[in-house]
Amino acid sequence: MARLNVNPTRMEMTRLKQQLKTATRGHKLLKDKLDELMKQFLNIVRENKRLREEAEKSLEDAYQNFIIAQAVMSESAIGESLMIPRQAVSVKVGKKNIMSVNVPVFDFQSEGGSGDIYPYGLAFSSGEMDSAMLSFSDAMEPLLRLAESEKTAQLLAQEIEKTRRRVNALENVMIPNYQETIKYISMKLEENDRAGTTRMMKVKDLVLKRAIEEKKRKEAGA
Amino acid sequence: MSKVGIIGDKGSVMGFLALGIDIFPAHEADEVKKTIHKLAERDYAIIYITEEASLMAPESIAKYKDFELPAIIVIPGITGSMGLGMNEVRESAKRAIGADILFSE
């Protein structure tokens, strides 16, 4: 592991120790967040799968009925009968917070559709067309719920990916780097300490030797 | 209030007209891409796109995946499902978990 490029001083070490503490704490928190996100995600993605199956099934029914209607009516007649929609769907977009991920909540409103979904007069259209329209409007609800659930799953997946990257970076890079550097500094400091002690002993020796020689000379002179 | 749109071949999107969804028939890759970007810029919260059309503009769809809005949802076209929609679900599971554990059964 690479050691950080810092001066081996006591102050630097204190600073790094503080950073290591923060990093460890952050790592723990992020890991908890990841666990919880994963838990939520699993539920949502299962729901997502279920809704998709449901939506695709009802959509398939709608298409089938529509194909039959197309077979009975001419294309221009179909175009004509669908040309002016009776209702307009609009979505109110709300927000929900799942583990600090903002996900949209869709609230649907059909305007103008006063219980009647057929945008055409019944006189000039076939019964097949009616059932096609009915099954399309049945497919609407699952489709809309699918949209919400699928978007939530996508956003959560993105957040999980991001969080996991952070956790990994902390766990495998940042924290080992700090530890390595702190170890390096403390070893360097101890080394300096020992060097200092040895120097002191040497100096003491020297001073003592000189003092003894001085004393000997004095005694010899006396 | 946001709107709902659908992009795809004419046969598939026709039926949605009656529901009050704005339909955008598109058959060429360029058309599909342009429509996606156009709708995303405007006030469309949900954009449905048929599987056939989604194949023509995978980058455009991926681009909006990380944004809160719009939700681009792949749905089967009138010719039936190719399983691409379910693939999207699988992809997000793979992205989050790192392995395809949900659909292995």
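Which residue in E4(B) is the bridge partner of Ile47(B)? In E4(B), that partner is Ile72(B), and the views below start from there. What you see is a predicted model, in which local features need pLDDT of at least 70, side-chain atom pairs count only at pLDDT 80 or more, and totals for chains, interfaces and linings use all residues. Residues are numbered from 1 along each chain as its sequence is written, while chains are lettered from A and ligands numbered from 1 in the order in which they are written.

**View 1. Strand E4 of chain B and its partner E3(B).** Strand E3 (residues 44-50) of chain B and E4(B) run parallel, joined by 5 bridges. Strands here are DSSP runs of E with at least two residues, helices are runs of H or I with at least four, and both are numbered from the N terminus; two strands pair if DSSP finds at least two bridges between them. Look at E4(B) itself: 5 of its 5 residues are buried, so the strand is largely enclosed by the rest of the structure. Buried means that 20 or more other C-beta atoms lie within 10 Å of a residue's own, exposed means 12 or fewer, and partly exposed is in between, with C-beta atoms placed from the backbone. Ala71(B), Ile73(B) and Ile75(B) point one way, with Ile72(B) and Val74(B) pointing the other way.

View 2. Ile75(B) counts as buried because it has 25 C-beta neighbours inside 10 Å. Setting aside residues up to four places away in sequence, Ile75(B) touches Leu59(A), Leu143(A), Tyr48(B), Thr50(B) and Gly85(B). Touching, or being in contact, means that the C-beta atoms, placed from the backbone, lie within 7 Å.

**View 3. Helix H5 of chain B and its buried side.** H5(B) covers residues 84-97. Its buried residues are Gly85(B), Glu88(B), Val89(B), Ser92(B), Ala93(B) and Ala96(B). They sit on the same side of H5(B) because they cover an arc of only 135 degrees around the axis, taken from the directions from the helix axis to the C-beta atoms. Among the elements covering them are helix H1 (10-72) and helix H3 (127-221) of chain A.

**View 4. The largest nonpolar core.** This core has 53 residues, and Phe136(A), Leu143(A), Ile7(B), Ile46(B), Ile47(B) and Ile73(B) touch the most other members. H3(A) gives the largest share, 10 residues. A nonpolar core is a set of buried Ala, Val, Leu, Ile, Met, Phe, Trp, Tyr and Cys residues joined through C-beta atoms within 7 Å. Zoom in on Phe136(A): beyond four places in sequence, it touches Ala62(A), Gly15(B), Phe16(B), Ala18(B) and Leu19(B).

**View 5. Where chain A meets chain B.** The contact takes 47 residues from chain A and 34 residues from chain B. On the chain A side, the largest share, 18 residues, comes from H3(A). E1(A) and strand E1 (residues 2-8) of chain B run antiparallel, joined by 2 bridges, and Ser90(A) stands opposite Lys3(B).

**View 6. Ser58(A) in helix H1 of chain A.** Ser58(A) belongs to this helix and is partly exposed, with 18 other C-beta atoms within 10 Å. Its contacts, leaving aside neighbours within four places in sequence, are Asp138(A), Ala139(A) and Pro142(A). Ser58(A) and Ser135(A) are 77 residues apart along the chain, yet 7.4 Å separates their C-alpha atoms.

Technical notes. The expected span of a helix is 1.5 Å times one less than its number of residues. Two residues are in contact if their C-beta atoms, placed from the backbone, lie within 7 Å.
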